[in-house]
Amino acid sequence: MVREAHANEGGGGRQAGQSRHVPVMLQRCLDLLAPALQRPGAVVVDCTLGLGGHSEALLTRFPEAHLVALDRDKEALRLSGERLAPFGERATLVHAVYDELPDVLERLGIARVQGVLFDLGVSSMQLDEADRGFAYAQDAPLDMRMDQTTGISAAEVLNTYPPGELVRILRAYGEEKQAKRIVSAIVREREKEPFDHSARLVELIRNALPQAAKRTGGNPAKRTFQALRIEVNGELSVLERAIPAAVGAIDVGGRIAVLSYHSLEDRLVKQVFAAGAANTAPPGLPVVPERYQPRLKLLTRGAELPTEEEVAENRRAAPARLRGAERIRESIE
Ligand SMILES: C[S@@+](CC[C@H](N)C(=O)[O-])C[C@H]1O[C@@H](n2cnc3c(N)ncnc32)[C@H](O)[C@@H]1O
């Protein structure tokens, strides 16, 4: 269910925790979107509100813009509601999965938007709250749902999926080369007792991997946790629908910026942007007719990375990759 709320309906309770979170590549995101948002009545959509860091900066830098901000996590909406309360009716916060953007805009009576931002993945709040089960560094229930009101938990995935399916998930979403070994150990262990907490899984992965595999790539549980999180939240299939939907919602002259945190996300974004920026004419036409002309112009050369200084200040920025594009033409069917 989707609930629209203005920012000042956030309610009381825990503070928004601004100090815990520094928005990633903030200045560059704002600069990329700026030419589209410096006009009265501009609408900018933050598809991943989180703790509201990017949203707050958008509202501050573009005083004539209205913000629509989405998150599938109700706790994120509550905390950001407090943070964005000073902006009153300039911000509309919506509990939704971001591939629902076209429906959300239709309900709000917004035909087209001028800017869209995605800051993908989990928020620092979700990582810091041990009981959400995203972090492998601390023992916690294996949940990992961004929206705790729906769907199945990571523990259910581990305890119920057939072995072949688990191997596929670890390989595809975690790029885990040792998927078979890990899954054999999981299946052996879950028959003794179902998984419910993360420490047992972390320990199992550590024991299942050969010495050489443990020496590279940080915590050996990292790839399995990423894979489970992507599966639990259907992250890639949602993103695959959401990026084209967002491009479709942008007005000519409007802009989109996407921050990805692993190669699977970035590859999807790159493909959608590249397809939009290509002309689709059959080869050999002397003049490319309008209907084959690209509808996007790329604003970043490849993916932009955070500076060394930013990574030194905010280690969560380290894997970030930013891509931007401008809508330059209507689609002609
Ligand atoms: C990295 S955080 C965003 C942080 C935010 N930019 C800030 O400055 O505070 C990503 C947020 O997106 C939300 N999210 C992830 N996937 C989503 C989806 N498919 N639909 C809606 N929200 C999603 C998560 O719940 C999380 O709160």
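How many bridges join E5 to strand E6?

Mentor: Six bridges join E5 to E6 (residues 250–260), and the two strands run parallel. Two strands count as paired if DSSP finds at least two bridges between them. Helices (H or I, at least four residues) and strands (E, at least two) are DSSP runs, numbered from the N terminus.

Some ground rules first. The model is predicted: local features need pLDDT of at least 70, side-chain atom pairs count only at pLDDT 80 or more, and totals for chains, interfaces and linings use all residues. Residues are numbered from 1 along each chain as its sequence is written, and side-chain values use heavy atoms, with hydrogens and water left out.

Now the strand itself. E5 covers residues 113–119. Seven of its seven residues are buried, so E5 is largely enclosed by the rest of the structure. Buried means under 20% relative accessible area, exposed over 50%, and partly exposed in between (1.4 Å probe, protein chains only). On the E6 side, Gly115 stands opposite Arg255.

E5 has another partner. E2 pairs with E5 in the parallel sense over three bridges. There, Val45 has Val116 of E5 as its bridge partner.

Follow E2 next. E2 (residues 43–46) also pairs with E3 (residues 66–71), again parallel, over four bridges. In E3, Val68 is the bridge partner of Val45. In a regular strand, side chains alternate between the two faces of the sheet. Both faces of E2 are covered. Val43 and Val45 are buried on one side, Val44 and Asp46 on the other.

Leu105 lies in helix H4 (residues 101–108). Leu105 has 3% relative accessibility and therefore counts as buried. Its contacts, leaving aside neighbours within four places in sequence, are Val45, Ile110, Val113 and Ala249. Contact means heavy atoms within 4.5 Å. Leu105 and Ala249 are 144 residues apart along the chain, yet their C-alpha atoms are separated by 8.5 Å.

Among the buried ones are Leu77, Glu82 and Arg83.

Beyond H5, look at a loop residue. Met146 sits in the loop between H5 and helix H6 (154–160). At 7% relative accessibility, Met146 counts as buried. Met146 and Leu117 are 29 residues apart in sequence and 19 Å apart in space, C-alpha to C-alpha.Last, the whole chain. There are 14 helices and eight strands. The radius of gyration is 21 Å, close to the 20 Å that the globule rule gives for 333 residues, so the chain is as compact as a globular protein of that length. That radius is taken over C-alpha atoms, and the rule is 2.2 Å times the number of residues to the power 0.38. Of the 333 residues, 52% count as buried. Among contacts between residues at least 6 apart in sequence, 72% join residues at least 24 apart.
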